[in-house]
Amino acid sequence: MARLTSIPTFIGTFGPITVYFMFGKYYMRSRSSITCKRVKTDPAFRKTMQYAALLAKASPIALKVYASVPLPYKKHKVRCKITGEVMTWLRYGWSATDIIEWLAQKYVPQYGGMQLSEEAPVTVLRPSYRRARPAVGPTAKGLFKNVPAERPSFGLLEWRRRDKQFRRELYKERQHHSTNAPNYST
């Protein structure tokens, strides 16, 4: 992804390049091979489409519960939490009415849930599985120490200063020659 410094002539996809506007700046990247049709029909994206269908069923159910949540708790985080729980219960085969009753007890104060002084309890169905990761070996432990760099010698610093000055003068000279060059194209 490259950031463009000038305003592009087009926004969208043209050939192998995609140009788009994000956060007040223009960006360019290579064209993606993933299309809407491929996501919907390719077997590699079957799980994605299954979860999309599950989310399509869970959202209206979660919205009914979220509508009765008190105003101080109406936040994006709570809505996502409710939607996630509805998706979980749908996977376990619960009906929509059972889910609404269960979550109303948990999140709506008039049914005994979500008191204003405490946060709603978290539903845990099973412990999360985490694959064991190998420990960092003794060879990698000493790699990232903060060791101060040695100060370069005076001769090296003087050479760098002269080289920088020489390059500046060379650049100015080249700029001067390129602007004063005769134009033979006419």
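## Notes on the strands and helices of this chain

1. Ser-30 in strand β4 is the bridge partner of Ile-17. This is a predicted model, in which residues are numbered from 1 along each chain as its sequence is written, and local features need a pLDDT of at least 70 while side-chain atom pairs count only at pLDDT 80 or more. Totals for chains, interfaces and linings use all residues, and side-chain values rest on heavy atoms, with hydrogens and water left out.

2. The chain has six helices and four strands, where helices (H or I, at least four residues) and strands (E, at least two) are DSSP runs numbered from the N terminus. Read from the N terminus on, the elements follow the order β-β-β-β-α-α-α-α-α-α.

3. The individual pairings can be followed bridge by bridge. Strand β1 (residues 2-4) pairs with strand β4 (residues 25-30) in the antiparallel sense over three bridges, and here Arg-3 has Tyr-27 of β4 as its bridge partner. Strand β3 (residues 17-22) is also joined to β4 in the antiparallel sense, over six bridges, and Thr-18 stands opposite Arg-29 in β4. Three bridges join β2 to β3, which run antiparallel, and in β3 the bridge partner of Gly-12 is Val-19. As background for viewing such a sheet, the side chains in a regular strand alternate between its two faces.

4. The turns of the two hairpins deserve a look. β2 and β3 form a hairpin with two residues between them, and Gly-15 in that turn has a positive phi of about 65°. The hairpin of β3 and β4 also has two residues between its strands, and Phe-23, which lies in the loop between β3 and β4, has a positive phi of about 55° although it is not a glycine. Is Phe-23 buried or exposed? Phe-23 is exposed, with a relative accessible area of 75%; on this scale buried means under 20% relative accessible area, exposed over 50%, and partly exposed in between (1.4 Å probe, protein chains only).

5. Turning to the helices, two packed helices are described by the angle between their axes and the distance between the axes. The axes of helix α2 (residues 46-67) and helix α4 (residues 96-107) come within 10 Å and cross at roughly 30°. The crossing of α2 past α4 is right-handed; a crossing is left-handed if the near helix is turned anticlockwise from the far one by less than a right angle, and right-handed if clockwise. Ile-61, Lys-64 and Val-65 of α2 make the contact with Ala-96, Ile-99, Ile-100, Leu-103 and Ala-104 of α4, where contact means heavy atoms within 4.5 Å. By class, this contact has seven nonpolar, no polar and one charged residues; Ala, Val, Leu, Ile, Met, Phe, Trp, Tyr, Cys and Pro count as nonpolar, Asp, Glu, Lys and Arg as charged, and the others, Gly among them, as polar.

6. Helix α4 also meets helix α3 (residues 76-91), and their axes come within 11 Å and cross at roughly 145°, in a crossing that is right-handed. On the α3 side are Lys-81, Ile-82, Glu-85, Val-86, Trp-89 and Leu-90, which meet Ile-99, Trp-102, Leu-103, Lys-106 and Tyr-107 in α4. The residues of this contact divide into eight nonpolar, no polar and three charged.

7. Leu-54, found in helix α2, is buried, with a relative accessible area of 15%. Which residues does Leu-54 touch, not counting those up to four places away in sequence? They are Met-87, Leu-90 and Arg-91. Leu-54 and Met-87 are 33 residues apart in sequence and 6.4 Å apart in space, C-alpha to C-alpha.

8. For the chain as a whole, 17% of the 186 residues count as buried. Residues 24 or more positions apart account for 41% of the contacts with a separation of 6 or more.

How values were computed
Axes fitted to C-alpha atoms, helices over the stretch in contact; angles between N-to-C directions. Pairing = 2+ DSSP bridges.
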